[in-house]
Amino acid sequence: MADCPHSPDSLGLPEGAYADFRESMSYGDYLKLDQLLSAQQPLSGQHNELLFIIQHQTTELWMKLALHELIAARNQIIADELQPAFKMLSRVSRIMNNLIQAWDILATLTPTEYSSFRESLAKSSGFQSHQNRSLEFVFGNKNAAMLKPFEHRPELHASLKLLLDSPSIYDEANRLLFRRGFQLDTSVIDRDWSLPYVANDSVANAWAEVYSKPKDHWDLYELAEKLVDLEDYFRQWRFRHVTTVERVIGFKRGTGGTAGVGYLRDIVNVRLFPELWDLRTAL
């Protein structure tokens with residue numbers, strides 16, 4: 001059948017559209033699509049393995065952007081430039097929301113479908129994601145033992161060690177409180193940053209003051225709410241992770257050797273910014 005006279009195919013290229021890219025950069029060139037789209041290489045020959053690979057590769061890409069924004073936001077907090085930090089933190093919250101929704105796609109994988117290619121993963125696991133570990137460290141969930149899976153990659157180990165030994169974004173928010181004149185214990189503003197943060201009464205009192213007088217401390221008040229937004233989304237992401245894993249593999253051990261659902265449930269209970277949550281009861 002001949003094309004309709006007014007169909008898009010019969011009209012040719014839109015006026016002004018470039019078509020000759022022999023000496024120019026195209027869309028695919030800019031995005032390195034040849035490399036990107038050839039990075040999905042299922043090992044099992046099973047139809048559903050491609051879903052699993054793309055789910056995790058796209059998650060890694062979004063985590064790369066989240067880290068880019070979080071570290072920049074932390075630097076803005078250090079510089080006491082909070083307005084740019086707010087935009088960056090809001091963007092990370094949207095990224096986390098996107099990752100939460102992405103679990104809906106992986107949840108279409110049935111136990112039978114996953115079992116058909118699970119052996120192809122060998123001992124690999126999301127537990128070994130250096131970007132996921134980087135996010136945890138920047139958020140403040142510090143644990144030096146988590147460096148061990150990266151000892152075979154010195155460059156990754158070094159980058160993680162740097163984040164482990166640096167103040168988290170919450171540490172920097174608390175140090176900003178101190179610079180603004182709030183009385184904080186020395187143990188909060190100058191400590192071993194590689195250790196997990198422990199809730200502190202002086203920090204609780206400072207944030208309570210911010211919340212009780214928001215007009216006097218509006219930018220700090222907004223910073224606190226941006227951080228609460230972020231942890232809220234991060235908790236939801238963790239929760240959807242554990243429920244999706246339980247749906248697909250039940251209570252089997254993870255491919256990386258962890259307890260699987262049991263380990264992930266423990267992570268859900270980790271609190272990143274405790275005083276910001278506790279003050280909701282105290283106020």
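Predicted model: local features only at pLDDT ≥ 70, side-chain atom pairs only at ≥ 80, totals over all residues.

Tutor: Start with a definition. A helix here is a DSSP run of H or I with at least four residues, a strand is a run of E with at least two, and both are numbered from the N terminus. By that rule the chain has 14 helices and zero strands.

The C-alpha trace spans about 80 × 50 × 40 Å along its principal axes. The chain has 283 residues, and 40% of them are buried. It exposes about 16300 Å², with carbon and sulfur atoms supplying 55% of that area. Take the contacts between residues at least 6 apart in sequence: 69% of them join residues at least 24 apart.

Helix α9 covers residues 169–179. It is mostly covered, with eight of its 11 residues buried. The buried residues are Ile169, Tyr170, Asp171, Glu172, Ala173, Asn174, Leu176 and Leu177. After α9 comes glycine 181, with a positive phi near 105°.

Who meets this helix? Look at leucine 223. It touches Ala173 and Leu176, and also Ile77, Leu82, Phe86 and Leu89, leaving aside residues up to four places away in sequence.

The largest nonpolar core has 68 residues. Leu223 is one of those with the most contacts inside it, together with Leu70, Trp207, Leu227 and Leu276.

Next, the rings. The chain has nine aromatic pairs. One of them is tyrosine 170 with phenylalanine 273: the pair is tilted, 5.1 Å centre to centre, with 40° between the planes. Tyrosine 170 sits in α9, while phenylalanine 273 sits in the loop between α13 (261–268) and α14 (274–282). The two are 103 residues apart, so this pair links distant parts of the chain. Both tyrosine 170 and phenylalanine 273 are buried.

Compare a second pair, tyrosine 211 and tyrosine 221. Their ring centres are 5.0 Å apart and their planes stand at 70°, so the pair is edge-to-face. Tyrosine 211 belongs to helix α11 (residues 201–212) and tyrosine 221 to helix α12 (residues 218–249), so parts 10 residues apart in sequence are tied together. Tyrosine 211 is buried, at 11% relative accessible area. Tyrosine 221 is partly exposed, at 23%. Elsewhere, Phe52, Tyr114 and Phe117 form one aromatic cluster.

Methionine 25 lies in the loop between α1 (8–11) and α2 (27–30). It counts as exposed, at 58% relative accessibility. Alanine 122 is another exposed residue, at 56%. It is found in the loop between α6 (111–115) and α7 (130–139).

Technical notes. Residues numbered from 1 in each chain as written. Heavy atoms only, no water. Core = buried A, V, L, I, M, F, W, Y, C linked by side-chain atoms within 4.5 Å. Buried < 20%, exposed > 50% of the residue type's maximum accessible area, 1.4 Å probe, protein only. Contact = heavy atoms within 4.5 Å. Areas by Shrake-Rupley, 256 points an atom, 1.4 Å probe, with all protein chains shown as cover. Phe/Tyr/Trp six-rings, centres within 6.5 Å; stacked < 30°, edge-to-face > 60°.
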